Amino acid sequence: MDTRGSGYKSILDLVNVERSFEGFQAVKSVNLRIKQNEFFTIVGPSGSGKTTMLKMLAGMDQPTRGDIVLNGQSINSLAADQRPTCMVFQFLALFPHMTVGQNIEFPMKMRGESPEQRQETAHRLMAMVRLPEDYYGKSVMKCSGGERQRVAIARAFAYDPEILLFDEPLSAIDAKLRKTLQKELKELHRQSGKTFIYITHSLEEAMFMSDRIGVMCRGELVQVGTPEDIYMRPRNRFVAEFMGDTNIFDVRALPGGGWESKALPGVSLTLVPKDKELEGFVMVRPERMQVVLPDGPMPDNVIDCQVQDKFEMGARDQYELVFQHHPISLELPHGSLSEVTIGSTLRLGWNAADAVFVTE
Ligand code: ADP
Ligand code: MG
């Protein structure tokens with residue numbers, strides 16, 4: 001683990017990086033600085049350019065424009081096997097006819113390390129990814145999906161790269177095991193002190209694992225920030241909607257002060273807009289919506305809604321409501337509202353400070 005206080009040094013800089021395929025821009029002028037030891041996650045819908053980005057970082061593909069700079073030096077022309085990066089894929093490229101040990105030792109064998117040295121490292125890496133010792137001689141074909149994923153991660157570490165690149169490594173694994181592997185990967189990141197660049201299309205996974213998240217949309221990196229930044233202060237509607245459930249209202253300023261929304265006819269709204277903006281959207285996360293009780297505090301904005309449905313989601317209850325025809329979602333800790341019948345009216349509200357104002 002690097003303790004020299006270099007946690008804020010950048011290891012990788014992307015400068016106007018673009019990738020076009022016959023005129024189609026899969027990645028559009030991306031500028032990004034990744035810090036040493038960072039767990040950086042790229043999220044975005046399918047086809048937004050995530051894999052294309054990662055392949056360029058790995059040296060499996062070249063940018064059509066721009067520079068990829070590693071530790072201050074352009075590595076554009078450096079082949080994949082000469083880069084200090086290693087990629088772990090969703091669908092593993094393990095050698096099926098080899099044992100767990102042979103798979104993990106492969107990179108060390110390529111480097112010409114002695115069998116004793118290889119075996120020692122393989123056992124250390126197996127312990128690190130929590131594979132039982134006696135799996136060393138087991139065929140990878142006889143391992144479960146989760147075990148194979150651990151083998152792949154151990155093998156990636158055997159390359160001893162500075163940067164590990166992960167392309168949706170857990171998306172083919174069932175939910176329960178995925179949670180375990182997420183925790184383990186996070187712990188591996190912490191222990192190893194290496195830089196992780198991780199792709200997922202799961203918002204939850206990104207929020208749980210990352211120091212920072214970059215959101216991609218149609219080849220553009222639309223926002224980069226901490227999980228909290230991205231979730232609570234999305235830059236635009238796309239980010240807000242991609243990063244989980246949200247209530248969105250179009251809004252415009254009223255000449256005499258206050259705001260109105262076409263979605264909420266007859267309601268005068270109180271918001272905290274950006275400087276002098278007269279039109280835009282306001283977003284309120286379902287967990288920031290409050291139920292207004294007769295003798296309780298009065299939030300800045302109040303609307304009377306009809307309850308349409310209720311879903312119990314473990315520790316949370318999710319409510320779908322409508323204000324006239326506009327859907328509203330509300331999320332409360334489980335059991336907060338004991339008696340709510342479908343079709344009944346519920347007075348909801350939110351404080352101006354709990355909403356985000358965006359112009360696009
Ligand atoms: P993601 O990983 O976010 O799902 P990709 O990076 O795989 O997205 O792809 C981004 C876009 O680039 C897609 O529209 C895809 O069809 C296109 N693309 C990717 N690779 C190629 C290629 N080799 N040739 C042509 N188009 C490609
Ligand atoms: Mg992909």
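This report describes the fold, the strand pairing and the ligand shell of a predicted model.

## Basis of the model

Residues are numbered from 1 along each chain as its sequence is written, and chains are lettered from A and ligands numbered from 1 in the order in which they are written. In this predicted model local features need pLDDT of at least 70, side-chain atom pairs count only at pLDDT 80 or more, and totals for chains, interfaces and linings use all residues, while side-chain values use heavy atoms, with hydrogens and water left out.

## Overall make-up

The protein has eight helices and 19 strands. Both are DSSP runs, numbered from the N terminus: helices are H or I with at least four residues, strands are E with at least two. Along the principal axes, the C-alpha atoms fill a box of roughly 80 × 45 × 45 Å.

Of the 360 residues in the protein, 49% are buried. Buried means under 20% relative accessible area, exposed over 50%, and partly exposed in between (1.4 Å probe, protein chains only). A127 sits in helix α3 (residues 115–128). A127 is exposed, because its relative accessible area is 53%. A127 and R316 are 189 residues apart along the chain, and their C-alpha atoms are separated by 37 Å.

## Cysteines

The structure holds zero disulfides. The test is a pair of cysteine sulfur atoms within 2.5 Å. C143 is buried, with a relative accessible area of 5%. C217 also counts as buried, at 13% relative accessibility.

## The five-stranded sheet

Five strands form an open sheet in the order β14-β18-β15-β16-β17, with antiparallel pairing. β14 (290–291) and β17 (326–333) stand at the edges; each has a single partner strand, so one side of each is left without a neighbour in the sheet. Two strands pair if DSSP finds at least two bridges between them.

β14 and strand β18 (residues 345–350) pair over two bridges in the antiparallel sense. Q290 has G349 of β18 as its bridge partner. Next, six bridges join strand β15 (residues 301–313) to β18, again antiparallel. Here N301 is partnered by W350 of β18.

β15 also pairs with strand β16 (residues 316–323), through seven antiparallel bridges. F311 stands opposite Q318 in β16. The hairpin of β15 and β16 has two residues between the strands, and G314 takes a positive phi near 70° there.

## The four-stranded sheet

A further open sheet has four strands in the order β12-β11-β13-β19, and its pairing is antiparallel. The edges are β12 (259–260) and β19 (355–358); each has a single partner strand, so one side of each is left without a neighbour in the sheet. Strand β11 (residues 247–253) is joined to β12 by two bridges, and the two run antiparallel. A253 has W259 of β12 as its bridge partner.

## The β9–β10 hairpin

Strand β9 (residues 212–217) and strand β10 (residues 220–225) pair in the antiparallel sense over five bridges. V215 is partnered by Q223 of β10. This hairpin has two residues between the strands, and R218 takes a positive phi near 45°.

## The shell around ligand 1

Which residues surround ligand 1? They are F21, F24, A26, P45, S46, G47, S48, G49, K50, T51 and T52. A residue belongs here if one of its heavy atoms lies within 4 Å of the ligand. The shell divides into four nonpolar, six polar and one charged residue. In this scheme Ala, Val, Leu, Ile, Met, Phe, Trp, Tyr, Cys and Pro are nonpolar, Asp, Glu, Lys and Arg are charged, and the others, Gly among them, are polar.

Polar contacts are pairs of N or O atoms within 3.5 Å; within protein, one must be able to donate a hydrogen and the other to accept it, and residues adjacent in sequence count only if both atoms are side-chain atoms. An oxygen atom of ligand 1 lies 3.1 Å from a polar backbone atom of S48. For a polar backbone atom of G49, the distance to a ligand 1 oxygen is 3.0 Å. An N or O atom in the side chain of T52 is 2.5 Å from an oxygen atom of ligand 1. The protein covers 57% of the 570 Å² of accessible area that ligand 1 has on its own. Such areas come from the Shrake-Rupley method with a 1.4 Å probe; for residues, only the protein chains shown count as cover. β2 (24–35) and α1 (50–58) are the elements that give two or more residues to the shell. α1 gives the most, with three residues.
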